[in-house]
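Take a look at the model below. We will walk through it one stop at a time, beginning with a single side chain.

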Amino acid sequence: MGLAYDPPALGQAIRRRWFATPLSTRLTTITVGLLTAGLMLAGTTVIGILQSHLIGQVDAQLAASAKQVALTAANSPVGQSASTIPTSYYVRVHLSGERVSEWLPSNVDDLGRPAPADIERLDQATGLQTSLPTTVRSTMHGEAWRAQAVPMFTSSGSSADKVGTVIVALPLTNIQETLNNTAIYLFIASFILVATGGFAAHYLVGLSLRELRAIESVAGRIVEGDMSERVTPREPATTEVGSLTRSLNRMLGRIERAFLERQRSEEKMRQFVSDASHELRTPLAAVRGYGELYRLGGVPPERITEVMARIESEATRMGGMVEDLLRLARLDEGRRISFASVDIVTIVREAAMDLTALDPGRDVSLIGLDGGDACEELHAIADRNLLSQVVTNLVGNVDRYTPTGSPVELAIGTVALADIETERATWPRSPYLVGTHDAEDAVVIEVRDHGPGIPEADRLRVFERFYRIDDSRSRDTGGTGLGLSIVKTVADVHGGGVRALETEGGGLTMRLAFPRCLDAPAPDSGTDRPDAKRQARGSAKRGAKDGAKRLGKVARKATRSGAVPDEQGR
C-alpha cells in the first residue's frame, strides 16, 4: 500500500516540531533565515545592476561604432578582409542579390560565433531604422553576443534605395566572467556573514534569555517547596525580560506571603481548636467527675449543696467561654454589626462609673489624652454595643488584675492620623467602614492602670486567643483567655488597632485607636446577612451554649432543692 501525501497533516507535523524546538534555537533560526534572505536579495540586486551596467557599456560601444563598421564592411570586396574592422567584432553583410559575407573575430575558436538562426531572424526583422542592441546566442555553449542591425541605403537615402542589412555584434564573454566572479565573491562573503551572524545570534539570544532560564530554575525550586526563591534582575525594568523578572518577583512575594499567611492561619486554627478543647475539657471533666462521684454514693448529704454549687460554677464558666467563642465567631463573620454615629465619651464615662461601682475605694478619672479635662462629647461612626463591650472588658481586667484601690485613668481624645503613621501602618482596612481611608483623625481610648503591669515580652501576645501569662489569671479569677482577643477583633472591625503599653510610673496602658469616620455605611452593606455555612457554624455554637446553660439550670435547681436529679434529668 502506497503512502498518501497529506499537506495539512504535514503542515501540522512541521508546526508541532517547530513549537517543540527550544526558543533560543527558533530565534537563532529566524535570525539566520532573515540574514540569508537579505543577503540573497542584496546579491541578486547587485548582480542585476552590474549586468545592466556592463551591457549598457557594450550597447554604447555598439551605438558608437556599429554604423562605421557596417559601412566599412559593406564597401569591402567580397572575400577580402577589411583591415579597419576591429578584430573583436563579428560582422555580417547581407546586400541585394543575395550577397552574404561575414567577418569573424580573431578568437572565434574560443568564443564561437553568433547563432545563424538568431542572426537571420534579426536580419529579417530589421526595417529602415537601426535596431536596438539585442542579445543572441552563440555557437559555443555558455557564450552570448550583443548584436545590432544597421540597414544600408544608396546615396539617395530613400526607403526605396535600401540595398541590405549589416549586423554588427560584440561578445559578452568578459561580462559573463565579471558577473560570475562577482557572484562567487558575493557568495563567499555572504556565507561568512551568515555563519558569523548565526554564531553571534546564538550567543546574543542565549545571553538575552539568561534570565528566562533563571526564571525556569527558580520556578523549579519553588515547585520543590522553597517559596523564598527569587530571580535576580540583571536587565533594566524598561526591557521585556527585566519587566517580567520584576513582575514575577512581586508575584512570588505575594504568593509566599499568602502561603505563609495560610500556614499561620492553619497553625492558629489548630492551636485555637486545641486550646478550646483543653479549656472546655477542664469544666466538663469536673462536672462529669462530680456526677460520677454522686452516682457512686461518694457525696455525703451534707456536701450535696457544695457539689452542686461547684457543678454550677463550672457550667457557668463553660457557658461564658462558649459565649466568648460565639462572639468571636460572629465578629469574624461580620454578623450582628451595626454602625451608627455614637458618642464615644458617653461610653467611656459609663465604663468609669461601672469600675467605681465595682471598687468604690478606687480613684477613677476621666481625662483627655494630654492629661487635661476630657471633651464633653466625641462623635464617630462605630458599633456602640461592640465598643461598650471592649471598654467593659478593659475595665474588668483592671478590676480583676490590679490591687484594690489603685488609681485608674480613662483617657479619650483624637489625634491626627498623619502623626501616627507608624502605628496606623499595622491597622487592617475595615471591610465594613468604607470611609476609613479618607479619615483625617483617629479616636483614641486609653485605660491606664498602676498595677503590676505585663512583661514586655508578653505585650504582643496577650491579644492571642487563650493566651495567658500564667494559669492563675484564669483559674482563680474566672477569665477565659478570650477577652483581649475580642478587644483586638473589635478594633479590626473598626479599621483600627489595640496596643499594650507601659504606664508612666508603672502599670499597664491599653490603647485602643481607630479612624474617626463621619459617614455611616449603607443599610444594605451586608454586615448582618450570614450565608448557609455561617448559619451552620452558628447553630452548632448556639447548641453548645444552650447545652451549657441547661446544665447550669440543672445544677441551680438541684442546689435549691437539696437533691440531685435522676439519670433522666441529667
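Start at Arg 262. Its relative accessible area is 54%, so it counts as exposed, the cut-off being over 50%. Keep in mind that this is a predicted model. Arg 262 has a partner, Glu 266, and the two form a salt bridge. Their closest N and O atoms are 3.2 Å apart. Why can these two residues be found about one helical turn from each other? Both belong to helix H7, which covers residues 240-295, and they are 4 residues apart in that helix, so about one turn separates them. Glu 266 is partly exposed, because its relative accessible area of 33% lies between the 20% and 50% limits. Side chains of opposite charge can pair when their charged atoms come close.

Now step back to the whole chain. How many helices and strands does the protein chain have? There are 14 helices and 12 strands. The chain has 570 residues, and 38% of them are buried. The accessible surface comes to about 32700 Å². Carbon and sulfur atoms account for 55% of that surface. Contacts also tell us how the chain is arranged. Take those between residues at least 6 apart in sequence: 69% of them join residues at least 24 apart.

Salt bridges come next. The structure holds 19 of them. Arg 362 and Asp 359 make one, with an N to O distance of 3.2 Å. Are these two residues buried or exposed? Arg 362 is buried, and so is Asp 359.

Another salt bridge joins Arg 448 to Glu 446, with the closest N and O atoms 2.7 Å apart. Arg 448 has a relative accessible area of 17%, so it falls under the 20% limit and is buried. Glu 446 is buried as well, at 8% relative accessibility. This pair is part of a network of salt bridges. The network links Glu 423, Glu 446, Arg 448, Arg 499 and Arg 511.

Return to Arg 362 for a moment. Its side chain also meets that of Thr 402, in a polar contact of 3.1 Å. Where is Thr 402 placed? It sits in the loop between helix H10 (384-401) and strand E9 (408-416). Thr 402 counts as buried, because its relative accessibility is 11% and the limit is 20%. Leaving out residues up to four places away in sequence, Thr 402 touches Arg 362, Asn 397, Asp 449, Gly 451 and Pro 452.

Move to a strand. Val 163 is found in strand E5, residues 162-171. It counts as partly exposed, at 26% relative accessibility. Which residues does Val 163 touch, not counting those up to four places away in sequence? They are His 94, Leu 95, Ser 96, Met 152, Phe 153 and Thr 154. Pro 151 is 12 residues from Val 163 along the chain. The C-alpha atoms of Val 163 and Pro 151 are separated by 7.9 Å.

H2 gives the most, with 4 residues. Phe 19 is found in H1. Its relative accessible area is 53%, so Phe 19 is exposed.

Leu 27 lies in H2. It is partly exposed, at 32% relative accessibility. Beyond its neighbours within four places in sequence, Leu 27 is in contact with Val 205 and Leu 209. His 202 is 175 residues from Leu 27 along the chain, and their C-alpha atoms are separated by 8.1 Å.

In an unreviewed entry, UniProt lists residues 27-50 and 183-205 under "transmembrane region". What does the model show for these spans? Residues 27-50 are 100% helix and 0% strand, and their end C-alpha atoms lie 34 Å apart. Residues 183-205 are also 100% helix and 0% strand. The end C-alpha atoms of residues 183-205 lie 31 Å apart.

Terms used:
Residues are numbered from 1 along each chain as its sequence is written. This is a predicted model: local features need pLDDT of at least 70, side-chain atom pairs count only at pLDDT 80 or more; totals for chains, interfaces and linings use all residues. Side-chain values use heavy atoms; hydrogens and water are left out. Buried means under 20% relative accessible area, exposed over 50%, partly exposed in between (1.4 Å probe, protein chains only). Contact means heavy atoms within 4.5 Å. Accessible areas come from the Shrake-Rupley method with a 1.4 Å probe; for residues, only the protein chains shown count as cover. UniProt positions are given in the numbering used here, feature names are shortened, and annotations may be inferred rather than shown by experiment. A polar contact is a pair of N or O atoms within 3.5 Å; within protein, one must be able to donate a hydrogen and the other to accept it, and residues adjacent in sequence count only if both atoms are side-chain atoms. A salt bridge is a side-chain nitrogen of Lys or Arg within 4 Å of a carboxyl oxygen of Asp or Glu.
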